[in-house]
Amino acid sequence: MAFRFGYIAKIVVVVALCAAVGACGSSKKKEKFAYVERPVETLYADATREMNRKRYDRAIAYFEEVERQHPYSAWARRAMLMKAFAYYQGNDYEEAVQAVEQFISLHPGNKDAPYAYYLKAICYYERIRDVGRDQDYTNNAVAALNDVIRRYPNTEYARDARLKLDLTFDHLAGKEMYVGRFYLKGNKHISAINRFKTVVEKYQTTNHVPEALHRLVEAYLELGVIDEARAAAAVLGYNYPGSRWYQDTYRLFEKRGILMEGSVPKKRARKEKKQEEDPNEVLRNTKATSRDALDPPPAEIDDDLSGDSISDQFEENEAGF
């Protein structure tokens with residue numbers, strides 16, 4: 001009998017201890033997630049102070065608290081956008097994109113929507129990788145930059161997006177050239193031709209086009225397709241007379257003894273723009289200054305916080321090859 005009472009007593013003690021531990025855990029959770037309401041102006045000021053001190057994690061926490069405690073205020077809309085900017089400043093691009101997309105979905109007509117779209121594009125643009133690697137971020141940047149231009153064509157964000165779009169196209173063209181040269185060196189001439197044609201037809205405004213035309217000439221001559229080589233050379237001579245690539249193309253025809261009668265090399269330009277400029281370096285230079293120009297538009301208490309406010313030339317042979 002004594003044994004039975006002792007056993008029951010032990011069970012009672014264990015249950016009591018478990019209940020005590022559970023109560024402590026519950027108390028700690030309540031303390032951790034305690035809701036302490038504070039004025040929205042105070043929370044937002046604290047968040048701004050942390051941003052200025054570059055304590056982005058703390059700033060994000062304050063901005064989230066603004067959204068949590070005052071979800072229907074104009075301050076919450078502003079905090080949502082500033083939270084995205086804080087994520088961006090902390091190089092947390094994925095979180096920044098998610099925050100921007102949340103802002104756009106909830107407040108598509110807000111006067112700061114152009115900036116939100118622009119920030120999303122920059123989050124992709126700054127992650128563009130070198131031409132030797134996968135270009136998913138580059139393609140996403142192109143889509144996002146085009147979105148800014150299409151939606152808000154007359155804004156400062158669209159003007160900067162156009163500049164960055166040109167540089168992004170140059171980067172994509174550089175990728176095609178990188179792969180095309182690889183195929184050409186491996187004597188995979190058809191694959192190389194397809195890459196070089198993509199540059200000529202899709203990225204006509206980039207500085208890779210002259211070299212792409214010259215490489216087309218090389219590939220066609222290796223295949224013995226003289227007429228196609230002449231056509232590519234004609235476009236090169238018409239659009240980039242005197243360039244180093246035109247000179248190299250002329251020497252190729254001269255070396256093979258297939259120059260047309262009366263052909264003469266065109267003078268090389270005295271000040272020739274460098275054609276093999278490193279696209280990665282161009283992007284790095286633009287990224288170095290982009291953050292200085294990316295500050296969010298200033299909040300206006302009365303307004304913002306009161307409501308939402310060449311390829312066709314192949315048929316012409318004018319270079320004399």
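1. A crossing of two helices is called left-handed if the near helix is turned anticlockwise from the far one by less than a right angle, and right-handed if clockwise. In this predicted model, α7 passes α8 in a left-handed crossing, where helices are DSSP runs of H or I with at least four residues, numbered from the N terminus.

2. On the basis of the note: the model is predicted, local features need pLDDT of at least 70, side-chain atom pairs count only at pLDDT 80 or more, and totals for chains, interfaces and linings use all residues. Residues are numbered from 1 along each chain as its sequence is written, and side-chain values use heavy atoms, with hydrogens and water left out.

3. Helix α7 (residues 136-151) packs with helix α8 (residues 156-185) at an angle of about 155°, their axes lying 9 Å apart. α7 is therefore roughly antiparallel to α8, a term for angles over 145 degrees.

4. Contact here means heavy atoms within 4.5 Å, and the residues of α7 that meet α8 include Val142, Leu145 and Ile149, while Ala161, Leu165 and Phe169 are among those on the α8 side.

5. Nine aromatic pairs are counted, a pair being rings of Phe, Tyr and Trp (its six-membered ring) with centres within 6.5 Å. Tyr88 and Tyr93 form an edge-to-face pair (planes over 60 degrees apart), with 6.0 Å centre to centre and 65° between the planes. Tyr88 is buried (under 20% relative accessible area) at 0%, and Tyr93 is also buried, at 12%.

6. Elsewhere, ring pairs link Tyr44, Phe63 and Trp75 into a cluster.

Notes:
Axes fitted to C-alpha atoms, helices over the stretch in contact; angles between N-to-C directions. Helix = DSSP H or I, 4+ residues; strand = E, 2+ residues; numbered from the N terminus. Parallel < 35°, antiparallel > 145°, perpendicular 65-115°, else oblique. Phe/Tyr/Trp six-rings, centres within 6.5 Å; stacked < 30°, edge-to-face > 60°. Buried < 20%, exposed > 50% of the residue type's maximum accessible area, 1.4 Å probe, protein only.
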